[in-house]
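Here is a short briefing for a first look. Keep the structure in view as you read.

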Amino acid sequence: MMVKYIQAAFLLVVTLLVLAGCSYFENAGEIQNVGMLTDGSIDDPFAEKGYQGLQEIEETYEVDVYYEENVRSEQEVRNAVAEFVQDGVNLIFGQSSSYGNSFAELSTVYPDVHFVYFNGAYVADNVTSMNFDSHAMGFFAGMMAGRASSNDDVGIIAAFEWQPEIEGFFEGVNYQSPSTEVHINFVNDWYDSRTAMDAYREMRENGVDVFYPVGDAFSEEIVRQAAEDEIYAIGYVSDQSDISERRVLTSTVQHVDKLYVQAAEQFNNGELSGSVMTFDFQDDVISLGEFSPNVPPSYQEMLHEEIEDYKETGLLPNQE
């Protein structure tokens, strides 16, 4: 009998918590407070840009903002979201595609909370996926790599096979320099710097003299090592020219902070839909960073013109 009472009490507590989550907010659709989850460190380039967006939201809307680092398991996501809701958060960003499934499940528990995450396919009425269409940025990085290589050997170290910038990079290298060989290695993790560095060393032994590391946490380390080895690299996510003005040819910059601000504005205006949203150069959330002084001004100008043509036509140089 005692067991039944305990079970009943437990179910009552769970029900009350769910109801509290459903009715916690008086003015649904208006920003009250904002939270951010990241599956790595807040200092990683992708998360750092998200945090910049979070700070801008805080200043613009005069709300409190919160973040939790290294949130990876489903239980950790559930606990963090519950804490955010208790703090009055009704707009939550997940700084990874891995949050899609958890957010979709939690969306029914917290219908007055809107969940936003990146580069995934899970959606619901209050779950939005914001995707970077990174094929084109990979293409222009490939053009730059193909032109800069002295050995006709360039390398891309990727986190996962599904990243669109990989195919774009291949196409860009082939368009610029058909004789250049593209070496590729997959880390299968955004944060495994050790495996990424092993791939770098192997590629160096095979003559690669231009690297494009397309992984969140390990990109800076690869770029820094390439600069020390006096070869070239192309930065990823943020403008990494500060690592080496001369050895960083350029960077493919993803302005995550702008998407945070855009999502907050749409949510506050009741216009943020539960859908997959895609962004590219045309939306001014992808751009190239500073060019190395070793890149001739004429080539810089040509690349800028090609990007402007792409923004107007949607066609890459190899498609025209």
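**Sheet and helices at a glance**

Strands β9 and β10 run parallel and are joined by 4 bridges. In one of these pairings, G235 has S251 in β10 as its bridge partner. The model is predicted.

**The sheet**

- The open sheet has 6 strands, ordered β7-β6-β8-β9-β10-β12, with mixed pairing.
- β7 (181–186) and β12 (286–288) stand at the edges with a single partner strand each, so one side of each has no neighbour in the sheet.
- On average, neighbouring strands are turned by 15° against each other, direction ignored.
- Helix α6 (residues 164–176) packs on the sheet and touches β6, β7, β8 and β9.
- The direction of α6 makes about 170° with that of β6.

**Helix α8**

- Helix α8 spans residues 219–228, and its buried residues are S219, I222, V223, A226 and A227.
- Seen down the axis of α8, these buried residues fall within an arc of 135°, so they line one face of the helix.
- E230 follows α8 and has a positive phi, near 60°.

**Where α7 meets α8**

- The axes of α7 and α8 are 10 Å apart, and the helices pack at an angle of about 35°.
- Their crossing is right-handed.
- From α7, S193, A196, M197 and Y200 take part; from α8, E221, I222, Q225 and A226.
- The residues of this contact divide into 5 nonpolar, 2 polar and 1 charged.

How values were computed:
Residues are numbered from 1 along each chain as its sequence is written. This is a predicted model: local features need pLDDT of at least 70, side-chain atom pairs count only at pLDDT 80 or more; totals for chains, interfaces and linings use all residues. Side-chain values use heavy atoms; hydrogens and water are left out. Buried means under 20% relative accessible area, exposed over 50%, partly exposed in between (1.4 Å probe, protein chains only). Helices (H or I, at least four residues) and strands (E, at least two) are DSSP runs, numbered from the N terminus. The arc is that of the directions from the helix axis to the C-beta atoms. Axes are lines fitted to C-alpha atoms, for helices over the stretch in contact, and angles run from 0 to 180 degrees between N-to-C directions. A crossing is left-handed if the near helix is turned anticlockwise from the far one by less than a right angle, and right-handed if clockwise. Contact means heavy atoms within 4.5 Å. Ala, Val, Leu, Ile, Met, Phe, Trp, Tyr, Cys and Pro count as nonpolar, Asp, Glu, Lys and Arg as charged, and the others, Gly among them, as polar. Two strands pair if DSSP finds at least two bridges between them.
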